[in-house]
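This report walks through a few parts of one protein chain, with the sequence and the coordinates at hand for reference. Please keep the viewer open while reading.

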Amino acid sequence: MSEITVKVLDREEFAVIENIRKRVFQDEQGVEVKLDFDGKDEFCQQLIAYLDCVAVGTARIRYLDEKTAKIERLAVLSSARGKGIAKKIMVHALEVIASENIPEVMLNAQEYIKGLYLQLGFEQVGTVFQEAGIPHVKMIKSLKV
């Protein structure tokens with residue numbers, strides 16, 4: 001059976017995240033580099049997921065203020081999808097945010113995957129909007145801290 005692990009990334013390992021995001025967002029989805037790499041990464045906690053010791057997924061946590069965190073840039077390589085990696089990344093991200101005593105989490109979900117976030121207790125807020133040419137929905141979740 002495959003082993004999935006998720007951890008907060010050390011800064012010197014950021015090239016691994018860049019590679020995953022490039023493959024998913026730019027190569028697969030056609031997102032412009034400047035939209036993905038927006039200059040905010042150095043202010044975020046970066047998560048990385050490993051499948052059998054191979055880096056296959058990532059997300060970042062950006063703290064908007066003392067009460068709200070935003071999970072962004074969730075990406076899993078196509079070769080590793082369907083194994084529960086995105087869910088594991090999200091669960092770990094929520095644990096990290098809760099450990100910082102942040103009571104609310106938000107994200108802009110690509111519409112096709114909002115079901116994952118609904119399973120994790122997020123609620124859709126508002127209507128569908130376009131971000132980088134892809135339909136998204138804003139979602140929020142309150143944490144018990």
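Are Y117 and F122 buried or exposed? Both Y117 and F122 are buried, in what is a predicted model.

## The aromatic pair

The structure holds 1 aromatic pair, and Y117 and F122 are the residues that form it, in an edge-to-face arrangement with 5.9 Å from centre to centre and 80° between the planes. The angle counts as edge-to-face because it is over 60 degrees, and the centres pair because they lie within 6.5 Å.

## The largest pocket

The largest pocket holds about 730 Å³ of space, and among the 36 residues that line it, F25, R73, L74, N108 and Q110 are the closest to its centre. Two or more lining residues come from each of α1 (14-28), α2 (33-36), β4 (68-76), α3 (85-99), β5 (104-110), α4 (114-119) and β7 (134-142).

Of these contributors, β4 gives the most to the lining of the largest pocket, with 7 residues. By residue class, the lining of this pocket divides into 19 nonpolar, 11 charged and 6 polar residues.

## Strand β7 and its partners

Strand β7 pairs with β5 in the antiparallel sense over 7 bridges, and β7 also pairs with β6 (residues 123-131), again in the antiparallel sense, over 6 bridges.

The β6 and β7 strands form a hairpin with 2 residues between them, and in the turn A132 has a positive phi of about 55°.

## Helix α3

The buried residues of α3 are I85, A86, I89, M90, A93, L94, V96 and I97. An α-helix has 3.6 residues a turn, so residues three or four places apart point the same way. Just after α3, the backbone at N101 takes a positive phi of about 60°. Helix α3 is also one of the elements that give two or more residues to the lining of the largest pocket.

Technical notes:
Residues numbered from 1 in each chain as written. Predicted model: local features only at pLDDT ≥ 70, side-chain atom pairs only at ≥ 80, totals over all residues. Heavy atoms only, no water. 1 Å grid on protein atoms, 1.4 Å probe; cavity = no way out; pocket = protein on both sides within 12 Å on 5 of 7 lines; lining within 4 Å. Points joined across faces, edges and corners; volume = space filled by probe spheres on them. Helix = DSSP H or I, 4+ residues; strand = E, 2+ residues; numbered from the N terminus. Nonpolar A, V, L, I, M, F, W, Y, C, P; charged D, E, K, R; others polar. Pairing = 2+ DSSP bridges. Buried < 20%, exposed > 50% of the residue type's maximum accessible area, 1.4 Å probe, protein only. Phe/Tyr/Trp six-rings, centres within 6.5 Å; stacked < 30°, edge-to-face > 60°.
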